[in-house]
Amino acid sequence: MIKCEHISKSFEGRRVIEDISIEFETGKTNLIIGRSGSGKTVLLKTLVGLHTPDEGDIFFDDVCYTSLSFNDRKRVRKDIGMIFQGGALIDSSTVYENVRLPLDLFTDDSEAQKRERVDYCLSRVNLSDAHHLYPSELSGGMIKRVAIARAIVMNPRYLFCDEPNSGLDPQTSIVIDNLIHGITKEYGITTIINTHDMNSVMEIGEKVVYIYQGKKWWEGTNEEILHADNPELNDFVFASAMAKRARRGK
Amino acid sequence: MGKVFSRPEKMGIYRRRVIFEIEALGLNSIGLTAIISVFIGAAITLQMSISLESPFIPQYLIGYATRETMTLEFSSTVVALILAGKVGSNIASEIGTMRITEQIDALEIMGVNSASYLILPKIIATVFFFPFLTLLTIMIGIIGGYTIAWTTGIMSPDDYIEGLLYDFVLWEVIYSLIKIAVFAFIITSISAFYGYYAKGSSLEVGRASTRAVVVSSITILIFNLILTQLLLT
Ligand SMILES: Nc1ncnc2c1ncn2[C@@H]1O[C@H](COP(=O)(O)OP(=O)(O)O)[C@@H](O)[C@H]1O
Ligand SMILES: [Mg+2]
């Protein structure tokens, strides 16, 4: 479980996140949705500690993350996996080295154990033949899959994904969504995903939070979202021409 | 700065990164510095032989002047300015790109102290390796002078060598090695700083890298005066 209470964040005097309180549930894919620029990335980075909130507290399973010292935070970070919007793979390292890096830095595993773990994680994301490639040689979908493999290599308890299928075609998006959903279920991880993709919401949105101009505007499940009585949310949900037509037909 | 020098996570990884950076920042600079040195050494010898063309001035002074110029100023200060352009912009744009593509955030999330992980190996590699570039520069520059003396016949190679050995002070070489080590630190830390705090788009990375080169060059020139005052007088 991850919980934030009344967090706010400003940049140069401009409020980007305003008084947000949410509880994200264990073993579920929790979605943060909203238009681009609404503050999703800032919210996610504040939750993981890459930004410090101006106000409010963040809890990881009863540990108050915001009150921890820098060194204690490092311990929590080892339980966190994160998939960044662009993948954020280390350019100068191969796929294999990218996934292996956390093991090199933080475990005392033997060479064979590390190799086995990396092989397993890469096969888990269906990428068993790309070990020696560099990030610049990968397609968008492959980059996301390597990023997932790197995020789960340390067996995280919390998984954060910033727009995991932005820039991907619809089919690949579904593959990535299902991968993240499957991993969440398999290991009982608390997963938080930023997205503006309604497909993802309908497919894997077990809990959905709608952010509008830096505020929490609505929360519910993917079943409730279609019947929500909230004009801004409806504009977002039924933004595509196809969805509008389908709704009129209903 | 404190973040850069905090205790590294695992020594083995740092050792590997230092070796990698020695290759990337040091070995890869040998070609450029060698080419420039050989031509500058030849040019100095040529210029000296033209301006010192007088029966009252012994020829060997040309070799002496070439050696002194190469050792005292060219091999450290000018080489450092060249390296600020090559290595400094490389460091700033590499780290700046890592910043804006969230690679630094990714390291932080893993629990890595990204400043120390990325910057410390570069500082160690350059402070350790750039002095070799200085020694190389002195030697190649002197060879360049010898070659021009020998091929054009503007002076006798024997006189040139006599000049090279005339009044040789080892301290001048050490002075240059100290200078380049300090300059290496200046180039790497300033460039890394501008990269690390880059924000926004790839345009900003370009600007950060230009600023890194300008600021490290000016800092080098100022420290050149300070170090000369401290070490030579
Ligand atoms: N580091 C930063 N400094 C200043 N402003 C920022 C920073 N990060 C994000 N912002 C601003 O916060 C707002 C929300 O951005 P973001 O969270 O990236 O939106 P999105 O919902 O598309 O992920 C934007 O207006 C953006 O300009
Ligand atoms: Mg975003």
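How far apart do the C-alpha centres of domain 1 of chain A and domain 2 of chain A lie? They lie 25 Å apart. The domain bounds come from an automatic or database domain assignment, with domain 1 covering 2-79 + 157-249 and domain 2 covering 88-155. Across the boundary, 16 residues of domain 1 of chain A are in contact with 13 residues of domain 2 of chain A, where contact means heavy atoms within 4.5 Å.

This is a predicted model, in which local features need pLDDT of at least 70 and side-chain atom pairs count only at pLDDT 80 or more, while totals for chains, interfaces and linings use all residues; side-chain values use heavy atoms, leaving out hydrogens and water. Residues are numbered from 1 along each chain as its sequence is written, and chains are lettered from A and ligands numbered from 1 in the order in which they are written.

Strands pair through backbone hydrogen bonds, either parallel or antiparallel. Here two strands count as paired if DSSP finds at least two bridges between them. Helices (H or I, at least four residues) and strands (E, at least two) are DSSP runs, numbered from the N terminus.

One open sheet of chain A has 4 strands in the order E2-E1-E4-E5, with antiparallel pairing. Its edge strands, each pairing on one side only, are E2 (14-24) and E5 (63-64). Helix H1 (residues 40-48) of chain A packs on this sheet and touches E1 (2-11), E2 and E4. The direction of H1 makes about 120° with that of E1(A); such axes are lines fitted to C-alpha atoms, for helices over the stretch in contact, and angles run from 0 to 180 degrees between N-to-C directions.

The pairs can be followed across the sheet. E1(A) and E2(A) are joined by 7 bridges, and A:Ile2 stands opposite A:Phe24 in E2(A). The hairpin of these two strands has 2 residues between them, and A:Glu12 takes a positive phi near 45° there. On to E4(A), E1(A) has 5 bridges, with A:Cys4 opposite A:Ile58. E4 (residues 55-60) is then joined to E5(A) by 2 bridges, and A:Phe60 has A:Val63 as its bridge partner.

A second open sheet of chain A is built from 6 strands in the order E6-E7-E8-E3-E9-E10, and its pairing is mixed. E6 (80-83) and E10 (215-220) are the edge strands. Neighbouring strands of this sheet are turned by 15° against each other on average, direction ignored. E6(A) and E7 (residues 158-162) run parallel and are joined by 4 bridges; the partner of A:Ile80 in E7(A) is A:Tyr158. Helix H6 (residues 170-187) of chain A lies across E3 (29-33), E6, E7 and E8 (190-195), running at about 160° to E8(A).

Where does ligand 1 sit? The residues around ligand 1, including A:Phe11, A:Arg14, A:Val16 and A:Thr41, each have a heavy atom within 4 Å of it. A backbone N or O atom of A:Gly37 lies 2.6 Å from an oxygen atom of ligand 1, and one of A:Lys40 lies 2.9 Å from a ligand oxygen. The protein covers 66% of the 560 Å² of accessible area that ligand 1 has on its own, by the Shrake-Rupley method with a 1.4 Å probe.

Chain B has 8 helices and 0 strands. Its C-alpha atoms fill a box of roughly 70 × 35 × 30 Å, taken along the principal axes.

Key. Polar contact = N/O pair within 3.5 Å; in protein donor to acceptor, adjacent residues only side chain to side chain.
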